[in-house]
Amino acid sequence: MPVRDAVFEDIEEICALIEEHAVYEDNHDLKLDRAEMSGHLFGPDPKAWVLIATPPGEPGTVAGFAFCSWNFSTWEARPGIWLDDLFVRPAYRRHGLGGELLDELRTRTTGRVEWDMQEGNEKGAAFYAQLGAEPVPGWIRYRWRP
C-alpha cells in the first residue's frame with residue numbers, strides 16, 4: 001500500500017521532509033530538533049501524527065508525507081483533521097501520492113479535513129480543486145506566538 005502510518009523509525013525522514021518542504025517554500029533557515037519532534041509524534045502524549053507515502057514498487061522509499069493533528073468542530077459536533085503539511089518530493093510527483101495521502105485522511109474522520117495554502121500557489125489550488133476541495137470564503141486565520 002502506498003500510504004502507511006509513520007513509526008518511530010521514520011523520524012529522520014519526517015524531519016527531512018519538513019525541512020525539504022520549507023526550502024521548497026523558500027524558507028532556508030528551518031532546522032528541527034529530531035529528539036523534540038520525536039517526542040511530539042511518538043512520545044507518551046503525542047500531539048500530532050504522520051502518514052508516509054511510498055512510491056509504487058519501492059516500499060522502502062519515503063516519497064512524501066501528511067503531517068496532521070485532530071481538531072474538533074462544535075458546529076458539526078465531531079472531530080476532524082487538521083493537515084499541517086502535505087509534501088511529496090519532486091521526483092515522486094505526478095504518481096497520485098498526494099491524492100492517496102488525502103484520500104487516507106478522509107477515511108479517518110467523518111468530520112472536516114482542513115488545511116492552509118499559501119496565496120498564489122496556483123498548482124496547489126488546481127490540485128485541491130481537482131480533488132473536490134474548496135477554499136473557505138469569509139474566514140481569516142489569527143495566530144498567537146509565544
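Trainee: Where in the chain is confidence lowest, and where is it highest?

Mentor: This is a predicted model, so confidence is read before geometry. The chain averages a pLDDT of 93, and 99% of the residues score at least 70. Helix α4 (residues 122-130) has the lowest confidence, at a mean of 89, whereas β2 has the highest, at 98.

Trainee: Which residues of helix α2 are buried?

Mentor: In α2, which spans residues 34-42, the buried residues are Met 37, Ser 38 and Leu 41. Viewed down the axis of α2, they fall within an arc of 105 degrees, so they line one face of the helix. The exposed residues Ala 35 and Glu 36 are carried on the face turned away from that buried side.

Trainee: What covers the buried residues of α2?

Mentor: The cover includes α1 (11-24), β2 (49-53) and β3 (64-73).

Trainee: Which residue caps the N-terminal end of α2?

Mentor: Asp 33 does, with a side-chain oxygen 3.0 Å from the backbone nitrogen of Ala 35.

Trainee: With which side chain does the side chain of Asp 85 make a polar contact?

Mentor: The partner is the side chain of His 21, at 3.0 Å. Beyond four places in sequence, Asp 85 touches Ile 18, His 21, Phe 65, Ala 66 and Phe 67.

Notes. Residues are numbered from 1 along each chain as its sequence is written. This is a predicted model: local features need pLDDT of at least 70, side-chain atom pairs count only at pLDDT 80 or more; totals for chains, interfaces and linings use all residues. Side-chain values use heavy atoms; hydrogens and water are left out. Buried means under 20% relative accessible area, exposed over 50%, partly exposed in between (1.4 Å probe, protein chains only). Helices (H or I, at least four residues) and strands (E, at least two) are DSSP runs, numbered from the N terminus. The arc is that of the directions from the helix axis to the C-beta atoms. Contact means heavy atoms within 4.5 Å. A polar contact is a pair of N or O atoms within 3.5 Å; within protein, one must be able to donate a hydrogen and the other to accept it, and residues adjacent in sequence count only if both atoms are side-chain atoms. pLDDT is the predictor's confidence in each residue, from 0 to 100.
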